Amino acid sequence: MQSHSPLNFAGADSPAGHDRRAIGFGGVVSPLVGEMAGRPEGAFIGRSATVLSCTNNFTPSLLLVPSMPRRLLGLLLVLPALGVIALLFILPLVMSAIGAFQLDGGWGLGNFTKSIDLYAKDIVFTLGIVSLSTALIGAGAIAIGGYLTLGAHPVAVSILRFLYRWPMFIPFIVVGQILRTFLAKNGMMNNTAVSLGLMTPLDAMSFLDWRGIVIAFVWKQTPFVALLVAGAMASVNREGIEAAVNLGASRLRILFEIIVPQVITTLSVGLILSFVTMMSVLSVPLMINAQSPTMLTADIAFRVNAYGDYGVANALGLISLLLASSVAWIYLKISMKERA
Amino acid sequence: MSGAGFLELDRVATGYGATQVMKDIDLSIGSGEFVALLGSSGCGKTTLLRVLAGFVAPTSGHVRVRQKDVTTLPPDKRGMALVFQSYALWPHMTVAQNIGYGLKLKGMGSAEIGSRVSAMQSMLGLDGLGDRKPGALSGGQRQRVALGRALVIDPQILLLDEPLSNLDARIRLTVRHELRALQQRLGITAVHVTHDREEAMVMADRIVILDAGRIAQQGRPEEVFNRPATSFVAAFMGAENLLHLQVAVDGSDVVITPGQAQAAGRVPLFGRSLVSGAVEARFRPEAARLYPLHAMPEAGPGLSLVGEVLSVTYPGGAWRHVVRLGDRDVLADAPRAHAAGETVNVFVPHEALFLFNRPANAAGSSISGPESRKAFA
């Protein structure tokens, strides 16, 4: 469905889609790094060859010659990767971005004003849902990671360790489907509550609106962030935790004053990646909340499928790209700081 | 050092799963006493400290502070503060925050925390470092921050888990004395875990030597050093030269049967509880005296041996010789070097000669392996 959208960056809908993007990003960086690293290496080989030739009386040209093709060889090796990225990633992205400014009679911001007029509410809705989900995912991941790290009951810890990862392996579309049957007015949740006598059928209401989307996102993404956070928490110095116990800190204080500050980088990275993933999910809003307001991904698909209106779809895509990049910028800042 | 029984361990035993780590530990520590728990890796000394601190529950036995049973109390209710081997400083907090965290947990006001923390910083020579993170400190400074964090809550008992093992050798020597002086100034009771014999000797009022989860011997440093109770303790305290002899107890003397390398000899029993038969003889390299063959002066009772010098090195202070005595090599120091190949007399005066009856299953002891050797290096 989303494959109709020319803005593929915002339409990827499966965990695999998220991975593909990550690989693509790494792919952009590594050939460049490789190229840059290749240059001084080549130069160094050239220099060392000269030194060798002075001391050992070799013919310099014999040793210098292989270093020149090696440099070219390096370029040749990264060329296919560069080409794939340029053709399949950069070019469509640039085309979509250009398309966002393309109007019937030339260039302008028409698509954007139309997008804002029609979908301002959806932009706020999307941002609100994704931000709320991110906050809840963070809380859930800290709770799970914290219990795995500090839990005193070994059986409960191992059960949680076994269970919490499962949602990661379920595609978004299946999550949407499961929750649709679960959260509907006459769905399993309400039926169970009614049969338990917790409420009457008259009180039953559907959760298939923004709440359903938030539940789906949190259910699906918490394990991913919890996995990262629990790993980071496991590598926090145990003696540091014991030192706090020794001074009389409660487990809650240890979690929030000792452990979380030490894994805050990992937590932020996990949440940012989740934020960007959720920005790009199409199936969940379509399955759970096929009404207005809805998320930008559904609007993009609608513009393309119903109207063939690529201009507004591109503009909406660019807007969601801007929203996603604002958090990606934080991610880059963190990774720069880590590398420094 | 008054008030013995301030901190008491009563038949404490513990283990992980089916593995018994410690058996029947009885220990009584006086108020203000500095006790070193000394032993090689895996002997249970850190486990014992963790039982005291409340991180490990003993499978049986009791821990008492001032006659009050604290065995089941949580770590913070025991009046003890633990300094960890890795220092366990919190990397996201500044020095002042690290030191003040215990006070914050007690609900103290920030003004008072500030004044107590800065007093602690001055006492430990950390002035001006309050705003730094632990990552920006040297090893010695980190160690002092860890100490400050433990001391600022005014614990009755300070537990130290190899606190000096991560320091440079040179800094370690000064920190030993600083730590000891601080402990005496504060009059605090300290239990110090270490595998470093010298560290235990210079710091502690009393040394408790642990071997395979049991107390092998305890006493003042000079007692443990000069009158080791077992072959293990003797080896741990540096008497690594080991010979197997046959002796006969004759009244208040021990008669040494001559053998491949040793001459007949007679040494006073000197309070040893020996019976006639096979014994292990141990002595320190620095206690031995080396003479050229047949040039040995007449010198009191002791063990005289004949051997060949295999090699000679100079570790500083004296020349250290490897001497082959029959089928065994021993180390012996001398003020002058004897050349390799020279046949020499080795004399061990009786007060530096440690004799122990060999256990029934005398297939060597756990101390002569290369594993334990490492611990004294």
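Helices (H or I, at least four residues) and strands (E, at least two) are DSSP runs, numbered from the N terminus. On that basis, the elements of chain A run α-α-β-β-α-α-α-α-α-α-α-α-α-α from the N terminus on. That comes to 12 helices and two strands.

This is a predicted model: local features need pLDDT of at least 70, side-chain atom pairs count only at pLDDT 80 or more, and totals for chains, interfaces and linings use all residues. Residues are numbered from 1 along each chain as its sequence is written, while chains are lettered from A and ligands numbered from 1 in the order in which they are written.

Chain A has 340 residues, and 36% of them count as buried. A residue is buried if 20 or more other C-beta atoms lie within 10 Å of its own, exposed if 12 or fewer, and partly exposed in between; C-beta atoms are placed from the backbone. Two residues are in contact if their C-beta atoms, placed from the backbone, lie within 7 Å. Among contacts in chain A with a separation of 6 or more, 76% come from residues 24 or more positions apart.

Where the chains meet, 13 residues of chain A are in contact with 16 residues of chain B. On the chain A side, α8 (238-246) and α9 (251-279) each supply at least two residues. The largest share, six residues, comes from α8(A). By class, this side has six nonpolar, five polar and two charged residues. Here Ala, Val, Leu, Ile, Met, Phe, Trp, Tyr, Cys and Pro count as nonpolar, Asp, Glu, Lys and Arg as charged, and the others, Gly among them, as polar.

**Two domains in chain B**

Chain B is assigned domain 1 (7-226) and domain 2 (231-376). Such bounds come from an automatic or database domain assignment. The centres of the two domains of chain B, taken over C-alpha atoms, are separated by 37 Å. At their contact, 10 residues of domain 1 of chain B meet eight residues of domain 2 of chain B. β9 (206-211), β10 (214-219) and α7 (221-226) of chain B each supply at least two residues of the domain 1 side. That side has four nonpolar, four polar and two charged residues.

Two strands pair if DSSP finds at least two bridges between them. One open sheet in chain B has four strands in the order β2-β1-β4-β5, with antiparallel pairing. Its edge strands are β2 (19-29) and β5 (68-69) of chain B, each pairing on one side only. Helix α1 (residues 45-53) of chain B packs on this sheet and touches β1 (7-16), β2 and β4 of chain B. The direction of α1 makes about 65° with that of β2(B). Axes are lines fitted to C-alpha atoms, for helices over the stretch in contact, and angles run from 0 to 180 degrees between N-to-C directions.

A second open sheet has six strands, in the order β6-β7-β8-β3-β9-β10 (chain B), with mixed pairing. β6 (80-83) and β10 of chain B are the edge strands. Neighbouring strands of this sheet are turned by 20° against each other on average, direction ignored.

| Strand pair | Sense | Bridges | Partners |
|---|---|---|---|
| β4(B) and β5(B) | antiparallel | two | V65(B) and K68(B) |
| β6(B) and β7(B) | parallel | four | A81(B) and L158(B) |
| β11(B) and β12(B) | antiparallel | four | D250(B) and D253(B) |

The hairpin of β11(B) and β12(B) has two residues between the strands, and in it G251(B) takes a positive phi near 65°.

**The nonpolar core**

A nonpolar core is a set of buried Ala, Val, Leu, Ile, Met, Phe, Trp, Tyr and Cys residues joined through C-beta atoms within 7 Å. The largest one has 178 residues. V229(A), L37(B), L159(B) and V191(B) have the most contacts inside it. Domain 1 and domain 2 of chain B each give this core at least three residues. V191(B) touches I29(B), V35(B), L37(B), L49(B), L52(B), I157(B), L159(B) and L160(B), not counting residues up to four places away in sequence. In soluble globular proteins, nonpolar side chains tend to be buried together.
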